[in-house]
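Reader: Please take a close look at the packing of the nonpolar core in this model, and then at the surroundings of the ligand.

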Amino acid sequence: MNESESFCALVVREEEGCCVRSLEERRIADLPKGEVLIRVAYSSLNYKDGLSATGNRGVTRRYPHTPGIDAAGVVVESSEPRFRPGDEVLACCYDLGMNSPGGFGQYIRVPAAWVMRRPSGLTLWESMVYGTGGFTAANSVERLLACGVRPEQGKVLVSGASGGVGCFSVAILAREGFKVTAVSGKESARELLTSLGATEIISREQAVDHSGRLILKGKWAGVVDTVGGEILATALKSTRYGGAVTCCGNVAGPEFAANVFPFILRGIALLGIDSAECPMARREMLWGKLAGEWKIPGLAAITTEIGLAELDGAITRILKGQVQGRVVVRLWD
Ligand SMILES: NC(=O)c1ccc[n+]([C@@H]2O[C@H](COP(=O)([O-])OP(=O)(O)OC[C@H]3O[C@@H](n4cnc5c(N)ncnc54)[C@H](OP(=O)(O)O)[C@@H]3O)[C@@H](O)[C@H]2O)c1
């Protein structure tokens, strides 16, 4: 493809200490060197993209920058023989959209090690409904199951339930036969969460203990925590004997108070979840589940599709915790 060819991308620039976002014309030559050039059909909006789009140095060190940690599209060129022009592929996480131009541009060029074939059983669009949010839900639930958490041991808790990771966690756990209690700050998410399989919905306030006690009544066989902070601290104290808690996010705060008693009296486990550097073999295994036994009917019902021009407002909304379900970004009109 001609390196001087231009395309459209969301570009975040730092101007006088502020981050300014606009749609700009970029050239293929502006993309980094890499083995696989992909024409992006769809991306998705994740909380991390919001951070990257607003100057968070923990996510993106250098600006100007194009965020978008997820991309699904068609190979245009590949110097790696595993991929041929026309192949439908996904590129999610690693450094994509963090310090490498991401899926909010119509083309990306990436190392072949970041690319996987579109899982059979999912269209490009469906794979971006899942995106990193759905993948992280699968990653979290699989860890709980591998830790021995089973439906007959009691209810499970999911925090940030109406968000990307949360809503898929609710749906997958329900599919595995668990009774799922969803924590949500949105009254309006009740219908969505019930339709995904939540049997009980509690408010964020109800999920936080203020008694100061070091250990609470054991309620949960397992927990998928996507928010951190006080909700995670309370979940650890409320997990039943032998249970496990996954931790993947920090929207409620990066720090949490903990003490040893849930660990030494109840033998619970705290499981860290990372999707960015997840090895390719595990990635393919989890995407296979999302495309197969864990595939959720009616993905459209939890999805808002937007064009590049609507990204700016959606980024503001995700950072305010106002997004319900998933946002898929259409790159071409
Ligand atoms: N470790 C990894 O590899 C990995 C991968 C993906 C995502 N993450 C992290 O996981 C978290 C969730 O990501 P996401 O893409 O699902 O984000 P999201 O779609 O924005 O969902 C987050 C949800 O958390 C709840 N929430 C927002 N602000 C809150 C607050 N102050 N206190 C308590 N709950 C709050 C909201 O749900 P309700 O209104 O229903 O409460 C919100 O919808 C983020 O921190 C993200 O960075 C980590």
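Author: A nonpolar core is here a set of buried Ala, Val, Leu, Ile, Met, Phe, Trp, Tyr and Cys residues joined through side-chain atoms within 4.5 Å. The model is a predicted one. Its largest nonpolar core has 51 residues. Those with the most contacts inside this core are Tyr 130, Phe 168, Val 170, Leu 173, Leu 193, Leu 196 and Trp 287. Helix H2, residues 124-146, gives the most to the core, with ten residues.

Leaving aside residues up to four places away in sequence, Leu 193 touches Ala 161, Ser 162, Val 170, Ala 182, Ser 184, Ala 198 and Ile 201. Of these contacts, Val 170 is also among the core residues listed above, while Ser 162 and Ser 184 are among the residues closest to the ligand.

The ligand is surrounded by 27 residues, and Val 165, Ile 273 and Ser 275 are also among the closest. By class, this shell has eleven nonpolar, 13 polar and three charged residues. One lies 2.6 Å from an N or O atom in the side chain of Ser 184. The backbone also contributes: an N or O atom of Val 165 lies 2.8 Å from a ligand oxygen, and a polar backbone atom of Gly 185 is 2.9 Å from a ligand oxygen. On its own the ligand has 920 Å² of accessible area, of which the protein covers 88%. The elements that give two or more residues to the shell are H2 and helix H3 (164-175).

Key
Residues numbered from 1 in each chain as written. Predicted model: local features only at pLDDT ≥ 70, side-chain atom pairs only at ≥ 80, totals over all residues. Heavy atoms only, no water. Buried < 20%, exposed > 50% of the residue type's maximum accessible area, 1.4 Å probe, protein only. Helix = DSSP H or I, 4+ residues; strand = E, 2+ residues; numbered from the N terminus. Contact = heavy atoms within 4.5 Å. Near = heavy atom within 4 Å. Polar contact = N/O pair within 3.5 Å; in protein donor to acceptor, adjacent residues only side chain to side chain. Areas by Shrake-Rupley, 256 points an atom, 1.4 Å probe, with all protein chains shown as cover. Nonpolar A, V, L, I, M, F, W, Y, C, P; charged D, E, K, R; others polar.
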